[in-house]
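Colleague: Could you walk me through this model and tell me what each label rests on? I'd like to hear the cut-offs as well as the conclusions.

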Amino acid sequence: MRTNAPQPLPARLAAHRRPLTRRRGASRLAAAAAAGILLLLLWLAVTTPLSRSLHPPVSPSLTLVSAEGEPIARSGSIVEPAVAVHDLPAQVWLSFVAIEDRRFLVHPGVDARGLARAAWHNLRAGEVREGGSTITQQLAKTAFLDSSRTVGRKLREMLIALWLELWLGKEDILSRYLSTAYFGNDVYGLRAAARYYFDVEPQALRVEQAAMLAGMVKAPSRLNPTADPEAAAMRMRLVLAAMADIGYM
């Protein structure tokens, strides 16, 4: 009976060279991916400084005050100090989460389920009615991007949203969002909106007041109570229903 003879040395070397080549290819691919991620992080660090998400992008304003220091006239945007979520009643910030991004607490900045749902609703309606943007994406857009509606801008928005989620916690992101959101009538931020529309501090907002402010974010110039009280009230009821639907009330 014939036994298998040992392989010649060149054949044995070739047999070992193939897995070695595959390992080298995988190592090079991993190194290229790591280098790409590093370059991306450096690019984001330079082009999207987190400090820009602390302040709304508004034009300069002028406020005239009396001898006692009380404001008597104002020109330009109304901006007040930022709010912190941990200082607000839960019903206040939950009203924004319920109507704008009900999966905010669980998604990583971009909500694939929300995008799919929005695409399906838009397809059934035959027009664009929902955008599927998360609260984090809205913060990314207002703080770092323009209002153009292009695929490239949407991709940058998603990328920056993931970046914000990586470096900031949910509470910090929501605080910055509430502090920079636009509420119509040149009013920016929840504190300014609470004072302007209801003459109270944000901590004192009742649930229906918070729901009305949350409802404005979609279309601030059209849904604020000074422009169209009936539309603002209808939107408020929609927010309250959303809060009840997901167990926030």
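Modeller: Gladly! Let's start with helix H4, which is mostly covered: eight of its 10 residues are buried. They are Ile135, Thr136, Gln137, Gln138, Leu139, Ala140, Ala143 and Phe144. This is a predicted model, in which local features need pLDDT of at least 70 and side-chain atom pairs count only at pLDDT 80 or more, while totals for chains, interfaces and linings use all residues. Residues are numbered from 1 along each chain as its sequence is written, and side-chain values use heavy atoms, with hydrogens and water left out.

Colleague: What makes a residue buried, and what makes a run of residues a helix?

Modeller: Buried means under 20% relative accessible area, exposed means over 50%, and partly exposed lies in between (1.4 Å probe, protein chains only). Helices are DSSP runs of H or I with at least four residues, strands are runs of E with at least two, and both are numbered from the N terminus. On that basis the chain has 10 helices and four strands, in the order α-β-β-β-α-α-α-α-α-β-α-α-α-α. Of its 249 residues, 36% are buried.

Colleague: Why is H2 described as largely enclosed by the rest of the structure?

Modeller: Eight of the 11 residues of H2 are buried, so the description follows from that count. The eight are Val92, Trp93, Leu94, Ser95, Phe96, Val97, Ala98 and Glu100. As for what covers them, the buried residues of H2 pack against H4, H6, H7, H8 and H10.

Colleague: Which residues is Leu178 in contact with, leaving aside its neighbours within four places in sequence?

Modeller: Contact means heavy atoms within 4.5 Å. By that test Leu178 meets Val83, Val85, Leu88, Trp93, Phe96, Phe183, Gly189 and Leu190, sequence neighbours within four places aside. Across the chain, 62% of contacts between residues at least 6 apart in sequence join residues at least 24 apart.

Colleague: How do you know that Lys154 and Glu157 form a salt bridge?

Modeller: The rule asks for a side-chain nitrogen of Lys or Arg within 4 Å of a carboxyl oxygen of Asp or Glu. The closest N and O atoms of Lys154 and Glu157 are 3.2 Å apart, so the pair qualifies. Both lie in H5, three residues apart, about one turn of the helix. An α-helix has 3.6 residues a turn, so residues three or four places apart point the same way. Glu157 counts as buried at 1% relative accessibility.

Colleague: And what about Asp172 and Arg176: how far apart are their closest N and O atoms?

Modeller: They are 3.1 Å apart, which makes this pair a salt bridge too. The two residues are four apart in H6, again about one helical turn. Asp172 is partly exposed at 30%, whereas Arg176 is buried at 11%. Arg206 and Glu208 also meet the rule, at 2.6 Å from N to O; Arg206 is partly exposed at 47%, and Glu208 is partly exposed at 29%. A network of salt bridges links Glu80, Arg191, Arg195 and Glu201, and the count comes to nine salt bridges.

Colleague: Why is the Tyr182 and Tyr188 pair called tilted?

Modeller: Rings of Phe, Tyr and Trp (its six-membered ring) pair if their centres lie within 6.5 Å; planes under 30 degrees apart are stacked, over 60 edge-to-face, and the rest tilted. The structure holds four such aromatic pairs. For Tyr182 and Tyr188 the centres are 4.7 Å apart and the planes are at 40 degrees, so the pair is tilted. Tyr182 is partly exposed at 26%, while Tyr188 is buried at 14%.

Colleague: What puts Lys170 over the face of Phe104?

Modeller: A charge sits over a ring if NZ of Lys or CZ of Arg is within 6 Å of the ring centre and within 35 degrees of the ring normal. Lys170 lies 4.6 Å from the ring centre of Phe104, over its face.
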